[in-house]
Structure formats: C-alpha cells, structure tokens
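Hi everyone, thanks for coming. Let's take a few minutes to look at how this chain packs and pairs its side chains.

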Amino acid sequence: MAKRKRLSPANPDMFGAAPETKSAVSRAPIADVASDAATAAALSDLSQEMRNAQDEGRMVLSLPITAINMDHIIRDRFKADDAEMEALLTSIATRGQQTPIDVLEIAPGQYGLISGWRRCQAIARLAEDGQHDGQVLALLRRPSEASETYLSMVEENEIRVGLSYFERARIAMKSVEQGVFETEKAALLSLFRTASRPKRSKIRSFLPLVTAFDGVLNFPYLIGERLGLRLSAALEKTPEFAAHVQDAISKAAPATGEAEQALLVKLVGAVEKQSLKSGLETNKKPASSENPALRQQSIRPGLQAQWVDGDAVLRLSGPDVTPAFRKALLDWLRDAPKTS
C-alpha cells in the first residue's frame with residue numbers, strides 16, 4: 001500500500017493580506033453630522049460668551065504696560081505716598097498683581113487708563129528693574145460717557161486711599177474745563193454723589209484754592225481741611241492774598257511739604273490778624289466831639305458821672321449811689337418832662 005504524501009501548510013504570503021474585517025455594527029453618518037454640529041454650536045456659544053465677558057468688563061486681560069496710556073484722562077491724584085508705594089512694590093514683586101486695573105480701548109491694541117494708576121506705576125518700575133514681565137491684568141470697560149470715566153477713577157481712589165480736599169476740588173474743576181460737566185456744581189454732585197452735603201460743601205470751598213494755587217504750590221495735596229478753609233476765607237476777603245502767597249512761595253521755595261505748610265500758616269495768620277484789626281477799627285464808635293472833660297465829671301464828692309457808648313449811656317458811680325438814691329432818681333426821672 002502506497003504512502004500518502006504529507007501536505008505542507010499554506011504560505012500566508014501566497015494570497016496576500018487578508019481583507020479588512022468590518023465591524024458588524026457601523027456608525028450612522030447622521031450621528032457624525034449631529035456631533036459635529038453640537039461641537040460647533042458649543043464653540044460658538046463659548047466664543048460669544050467670551051466676547052460678551054470682555055465687552056462687559058468681566059474678563060481679565062493681560063496687557064503690556066507699554067500699551068496703556070496712563071495720562072489718557074486728567075488724574076485726580078498728584079503723587080503716591082512714598083511709604084504706600086514701597087508697600088505696593090513689595091506686594092506686587094512677591095505676590096503679583098492681585099487686583100486688575102480698569103482701561104478702555106482708545107485704538108487697536110492701545111488702552112487708556114481709567115483707574116489703577118498706582119499699580120501701573122509700580123509695575124512699570126518693577127519692569128524697568130527686571131523684577132516683572134511688564135504685563136498688567138486689566139478689565140476692559142466701555143463707558144458710555146466721559147463722566148463715567150472720571151467717576152470710576154474718583155470712586156476707586158475714594159474707596160482705596162482717599163483724596164485730599166484739594167485733589168477732590170481740582171478734579172471737579174478740571175472735569176469742567178475738559179467739558180465733561182457744564183458747571184462745578186454738576187461736577188461735584190456727580191463725582192461725589194455718595195458724599196454727604198457738608199463734605200461736598202467743604203470740597204466746594206477748596207475751589208478758590210485750586211484757582212489761585214494750582215501749579216504754584218508743590219505740595220497742595222497736604223493742605224488739611226482747617227487750613228484750607230482759612231485760606232479760602234482769606235482769598236475771599238483779601239483779593240491780593242493770592243498774589244502775596246505766590247510771591248512768598250517763589251522767594252522761599254520750600255523744599256518739603258512741612259516747610260510749605262508752615263509758610264502758608266504764617267501768611268494766612270498775618271492776613272487774619274490784619275483783617276481782625278481792620279474790623280475793630282471799622283466797628284469802633286467815633287469819639288464825641290465834646291470836651292473830654294465833659295464826658296466824665298464829678299457831680300459832688302461821692303458821686304461821679306460818665307458818658308459811654310457814644311454818649312448813649314450815662315453811668316453814675318460812687319459811694320452816694322445807694323438804693324435810696326437810685327429809687328429817688330428813678331422817681332424823679334419818671335415824673336420829669338421829656339426833653340428833645
């Protein structure tokens with residue numbers, strides 16, 4: 001019986017690659033379309049929400065300090081206190097900027113500062129020293145009117161640090177000069193709407209000081225409430241007082257705030273003293289044209305008479321002025337005929 005020949009296993013390469021096995025269950029094309037549409041809609045909604053957040057000032061932007069114009073509007077604050085600025089520099093250098101500034105877009109890629117001047121100053125200084133990347137966290141605002149821009153600036157400074165009365169009066173006056181408000185009264189009522197009426201009245205009393213001394217004094221923001229009211233009164237009563245102060249400041253050139261304050265106190269004190277002296281001379285009754293000897297007489301021993309208050313008062317004095325004498329005199333005067 002013949003042996004059977006054994007067959008060799010088939011060579012898999014002989015027939016090429018096996019056909020791709022298809023899944024028994026394939027994804028419907030409509031599902032892919034729906035998924036893509038949902039993703040696109042979600043992305044569109046997200047983009048719109050981000051645009052809305054940016055437009056409404058709810059999104060914090062990172063802007064280069066060089067893109068921010070810190071003089072876009074007239075600032076209300078003259079300078080930052082040295083100690084406060086040092087504390088702010090240390091805080092930003094160690095912890096970063098904690099609170100965004102407020103800006104408005106004035107041109108593509110360019111922004112005007114509304115509030116946050118001290119933070120911008122601190123970041124600029126740190127960037128110059130290589131301690132900061134120069135990026136500022138900011139909220140984009142879109143004020144409908146210029147008055148809202150000034151109001152935002154004033155409100156932040158009132159809350160955070162507080163302005164001097166001179167600075168408050170100055171920004172009210174400057175906003176009128178810029179055409180933001182028609183009158184100083186309108187500026188005060190709008191910019192300091194949350195202030196009490198007495199406080200607005202005090203700010204108003206500093207307006208003459210701004211007119212007379214803005215650009216003349218080096219440290220006007222140090223003028224306190226009491227000194228400011230005295231200076232305002234002096235300006236009202238003595239028109240030449242402003243020129244007198246300007247001349248004195250120019251000659252003395254005080255280098256510190258304390259020296260300037262001391263000079264102002266001296267000048268206003270001299271005006272007040274002169275005003276008091278003039279007032280006393282004005283109110284002084286003219287002396288009688290009569291012989292002075294007739295204005296004070298000795299009627300008899302123990303009884304003297306004196307005319308005072310412009311001769312409107314007759315004063316009797318002496319030991320003889322007893323209760324019985326007074327009664328007898330009053331009875332006689334009561335019955336005596338009236339003379340012209």
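I'll start with the nonpolar cores and then turn to the salt bridges.

A quick note on conventions: this is a predicted model, where local features need pLDDT of at least 70, side-chain atom pairs count only at pLDDT 80 or more, and totals for chains, interfaces and linings use all residues. Residues are numbered from 1 along each chain as its sequence is written, and side-chain values use heavy atoms, leaving out hydrogens and water.

By nonpolar core I mean buried Ala, Val, Leu, Ile, Met, Phe, Trp, Tyr and Cys residues joined through side-chain atoms within 4.5 Å. Buried is under 20% relative accessible area, exposed over 50%, and partly exposed in between, with a 1.4 Å probe and protein chains only. The largest core has 40 residues, and Leu191, Phe213 and Phe241 are among those with the most contacts inside it. Helix H5 (165-177) is one of the helices supplying at least two residues, and its six are the largest share. Helices here are DSSP runs (H or I, at least four residues), numbered from the N terminus. A second, separate core of 23 residues includes Ile68 and Met85.

Now, how many salt bridges does the structure hold? Eight, each a side-chain nitrogen of Lys or Arg within 4 Å of a carboxyl oxygen of Asp or Glu. In one, Asp214 pairs with Lys174 at 3.6 Å, linking the loop between H8 and H9 to helix H5, 40 residues apart. Lys174 is buried at 16%, while Asp214 is partly exposed at 26%.
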